[in-house]
Amino acid sequence: MRLSTFYALSIGSIALAQSDYPELPIDYLLTSKPTTPLPQGSPWGCRTSNGTNPYPPYTGVIRSYDWTVARGFKAPDGYEKEGLFINDQFPGPLIEANWGDTIQVTLYNNISGPEDGTALHWHGILQKAYPLEDFNPNFLYSTNDVKDGWTVFLVFNNALSRMENLLHIPLSQTFTELGGITPTTHPNKGPVILSDYYHSSSLQLEEAAVGTDITKVAPFSNNNLINGRNNFDCSTKDANDTTPCESNAGITHFRFTPGHMKFKARSHPLLTFYHPRDLQVLILKSVVTVGIGQRVDVIVEGLESTGAFTMRSVLADCSDDYQPLATAIVYYTREALLRGSNSTAWPALADSLADCGNDDISLSVPWFPITPTEPTITQEIEINVTRNETGHYLWTVDNSSFRADYNDPVLLLSNQGNDSYPEDPEWNVYNFGSNTSIRIVLRNPGFAVHPMHLHGHNFYILAAGPGEWDGTTIVNPENPLRRDTVLIPAYSYAVIQFEADNPGTWPFHCHIAAHVAGGLYFTVLERPNDIVKLNIPDIMAQTCDDYVAWQQTVVVDQIDSGV
């Protein structure tokens, strides 16, 4: 139940120095290898965020990256632990691209001790017409579960949409994409990742999430990080904990200059913000809510100052945590950084912590207007928690807790014309058939907040609030807020809608890892008659065969939902 990005199941070297992201170009990424096209003066031509549908153009440029996933040890907050890392970096390596570029990644799985598969999923990339590349367990293992020593070539075809997006493995990662924003004069300070952080291993957290102790179903985080850093008091470790630990490991610093700057996080005086997914109208705010899996851009008014200020990320009151506060330093001169900051928090920060929901959705209006069509189906879904006959706690969707079957991935089955599996309740598949516009009323009568994330779509948030939806109220009906993750606090609801323009088997799940591990997950089966027309490449069939052969000698220890 955390309102800061990511449940860090695998992080962690007492290498205290972390990866720092560079300041990004103001206008666009200009390279000669590959050549950046500049039709009408920019890679995206004359397109702008408030005059063009925000879905990508096609530049024809391929941005290539090589990634190796392997185990290692790091100590982001001074407490050393083992984790999974891309290219031995934490936070993960930065991808830079222009709006409309293609991202090409060659992935090497060097996970050993023990060996394991891994899965990658990209936030902010809809994979239209490419559902095979969504990369989610139980979705299609032939592409996403990459065995030890395997290499996979990933191509995201014209896949970028505007602004910051996230990749998780489940370790944090980010890429930044530049383009098409009407006010283009703001220095871009690069991505800022907010993450609650756990000193326990991922296996320990998963076991607790599906255990018999209700107080551990949502484990308490040990820290809160900004770009992989925050201080931790090692004297608070358990007496018998011999893990190497160094107090005051250091926090992240950001160099500012007077004037407007683009920034991704909660920051100091007079910021305006918009949601990167589809670019919402700018709003004057002093505090921004960022749920797990969500992205927010902010524009900060730089001061005529030579001082230093404290940037704060605080986990909300509904979160389970031992250390809710993470800080970073925003500074204007080196001398100010050495002096440190004595700035105080905006009063609005403390006032906001009791609210575990979205910021007021009525205030966020997309620059490029899109009006939802009339829904052809409305589905009501209840999310809750239950205790099974063995005394273990599980999270449920309509009283059913999801459990993946890696040997029968749902997209592959649907491609083969087999849509009978929704009759098995543990699969939690909702077959929406040939419906063209799908409305879902999400009800949360339980005690926990859930950041619900849908793959393959940006949805309209039509209404959200405490209690029950009245069945009629729609906020900004002509041009509602669009996102791919919505916060649903305890005893609350959210009404979302999306156009069925992307045939596939799309996961819809809570983005708190403890909750999805406990089964809070269902699949949106969209236009199955078109799924059978998908051409699955032969190389994926070969990967399936290889994975099945690997399973003959390795028992997958699936103690939770499998996601």
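**Entry: basis.** I am working from a predicted model, in which local features need pLDDT of at least 70 and side-chain atom pairs count only at pLDDT 80 or more, while totals for chains, interfaces and linings use all residues. Residues are numbered from 1 along each chain as its sequence is written, and side-chain values use heavy atoms, with hydrogens and water left out.

**Entry: disulfides.** I searched for disulfides, taken as pairs of cysteine sulfur atoms within 2.5 Å, and found 2 in the structure. With the bonded cysteines of the protein numbered in sequence order, I noted the pairing as 1-2, 3-4.

I looked at the link of Cys234 to Cys245, where the S to S distance is 1.9 Å. I read -80° about the S-S bond, and this link is left-handed. Both cysteines lie in the loop between β11 (223-226) and β12 (252-255), so the pair ties together parts that are 11 residues apart in sequence. For these labels, helices (H or I, at least four residues) and strands (E, at least two) are DSSP runs, numbered from the N terminus. I recorded Cys234 as buried, at 13% relative accessible area, and Cys245 as partly exposed, at 23%.

I then turned to the disulfide that joins Cys318 to Cys356, with S to S at 2.0 Å. The angle about the S-S bond is -125°, and this link is also left-handed. The pair links distant parts of the chain, 38 residues apart: I placed Cys318 in the loop between β17 (308-314) and β18 (325-331), and Cys356 in the loop between α4 (347-352) and β19 (377-387). Cys356 is buried, with a relative accessible area of 10%.

I also checked Cys46, which counts as exposed at 59% relative accessibility.

**Entry: backbone.** Most residues other than glycine have a negative phi, and most peptide bonds are trans.

For positive phi in a residue other than glycine, I noted Tyr491, with phi near 55°. Tyr491 sits in the loop between β26 (485-488) and β27 (492-499), and counts as exposed at 52% relative accessibility. I noted Arg527 as well, with phi near 55°. Arg527 is in the loop between β29 (521-526) and α7 (528-531), and is partly exposed at 25% relative accessibility.

**Entry: a sheet.** I traced an open sheet of 5 strands in the order β21-β29-β28-β23-β26, with mixed pairing; two strands pair if DSSP finds at least two bridges between them. The edge strands, each pairing on one side only, are β21 (429-431) and β26. I followed β23 (residues 450-454), which runs antiparallel to β26 and is joined to it by 4 bridges. In β26, I identified Ile488 as the bridge partner of His450.

Notes: Buried < 20%, exposed > 50% of the residue type's maximum accessible area, 1.4 Å probe, protein only.
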